[in-house]
Amino acid sequence: MENYLFYAYLNFAKDNKQTFWPKLLSQPKAIIIIFSLVFVSCLSASVFALFNCLIGVIISITVELIFGGIFCWLSDKHHIDFCFEEYSKYKKYCNDLFLWMKSFDVNSIKDVKIVFDRITIKIDKMKAERESSNARLDKWLQILIIPVVIAIITAIVAKQISIEEMISYSISIIVLFAIIYGTILIFREISYLPQKHRIAQMECFANDLQAILDIKNNHSSF
């Protein structure tokens, strides 16, 4: 049941502007502008890096850090200044969510707790599987790559070549395999993005369910 409820929740959150972009666009204009500048600076750093422009990368990263700090300060200040208003809005949202969940036969706080526990278990299971998969891949990469690198370097050392050439070849081999290792890790992270996004969505759902339970325990008007 929780699977159907979760997918329906995604539409509910979207309709109530609880997803990332609607939340961002509801912020004051100053925060939106600063966030845009952070994004542009990050994009600029990536472009400069592609063209091997070190100065451009340094300037872009510096600007990104500055605007990033300003964004954090403005965001924190906004939350502090309007914490009561935001809490009131979120409480109403939780109230609407609780009433909406009744259409899925979640009619009591006890039912909400059951759904919360099941979603939490799913999140923990997905994270555990991911960690186990990462550990296995890291183990196999170390088993396969490290002996190969050592064997190649040993073969180079055995050759009758100068020390300078031996060091140069060894460094080249290490760099090559470091690039291969890094490329595999990058592809691993890219392949994990859909699951990471799903976990983030489920965590949002769990947080909203926990908020319903907290408000109810504090004698809310549900």
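## Briefing on an all-helix chain

At 57% relative accessibility, residue D105 counts as exposed, because the cut-off for that class is over 50%. The model described here is predicted. D105 sits in the loop that runs between helices α5 and α6. Although D105 is not a glycine, its phi angle is positive, at about 65 degrees.

**Overall architecture**

- The secondary structure of the chain consists of 7 helices and 0 strands.
- Followed along the sequence, the chain reads α-α-α-α-α-α-α.
- The chain has 222 residues, and 24% of them count as buried.
- Among contacts in the chain with a separation of 6 or more, 74% are between residues 24 or more positions apart.
- The chain exposes about 15100 Å², and carbon and sulfur atoms supply 68% of that area.

**Helix α1**

- Helix α1 covers residues 2-15, which makes 14 residues.
- From its first C-alpha to its last, α1 reaches 20 Å, close to the 20 Å expected at 1.5 Å a residue.
- The buried residues of α1 are E2, L5, F6, A8, Y9, F12 and A13.

**The largest nonpolar core**

- The largest nonpolar core contains 27 residues, of which M101, V112 and F205 touch the most other members.
- Helices α1, α5 (83-101), α6 (109-158) and α7 (163-217) each contribute at least two residues to this core.
- Helix α7 provides the largest share of the core, with 10 residues.
- Setting aside residues up to four places away in sequence, V112 touches F98, M101, V106, L209, I212 and L213.

**A buried acidic residue, D208**

- Residue D208 belongs to helix α7.
- D208 counts as buried because its relative accessibility is 7%, and the cut-off for that class is under 20%.
- The side chains of D208 and Y9 are joined by a polar contact of 2.6 Å.
- Y9 is also one of the buried residues of α1.
- Apart from its neighbours within four places in sequence, D208 is in contact with Y9, Y90, Y93, C94 and L97.

**Aromatic pairs**

- The structure holds 8 aromatic pairs.
- In one of them, the rings of F6 and F205 have centres 6.1 Å apart and planes at 40 degrees, so the pair is tilted.
- F6 lies in helix α1 and F205 in helix α7, so this pair ties together parts that are 199 residues apart in sequence.
- Both partners are buried: F6 has a relative accessible area of 4%, and F205 has one of 0%.
- Another tilted pair is formed by F35 and F71, with 5.6 Å from centre to centre and 50 degrees between the planes.
- This second pair links distant parts of the chain, since F35 is in helix α3 (residues 29-50) and F71 is in helix α4 (residues 54-81), 36 residues apart.
- F35 is partly exposed, with a relative accessible area of 22%.
- Ring pairs also link F12, Y90, Y93, W100 and F104 into a cluster.

Terms used:
Residues numbered from 1 in each chain as written. Predicted model: local features only at pLDDT ≥ 70, side-chain atom pairs only at ≥ 80, totals over all residues. Heavy atoms only, no water. Helix = DSSP H or I, 4+ residues; strand = E, 2+ residues; numbered from the N terminus. Expected span 1.5 Å × (residues − 1). Buried < 20%, exposed > 50% of the residue type's maximum accessible area, 1.4 Å probe, protein only. Core = buried A, V, L, I, M, F, W, Y, C linked by side-chain atoms within 4.5 Å. Contact = heavy atoms within 4.5 Å. Polar contact = N/O pair within 3.5 Å; in protein donor to acceptor, adjacent residues only side chain to side chain. Areas by Shrake-Rupley, 256 points an atom, 1.4 Å probe, with all protein chains shown as cover. Phe/Tyr/Trp six-rings, centres within 6.5 Å; stacked < 30°, edge-to-face > 60°.
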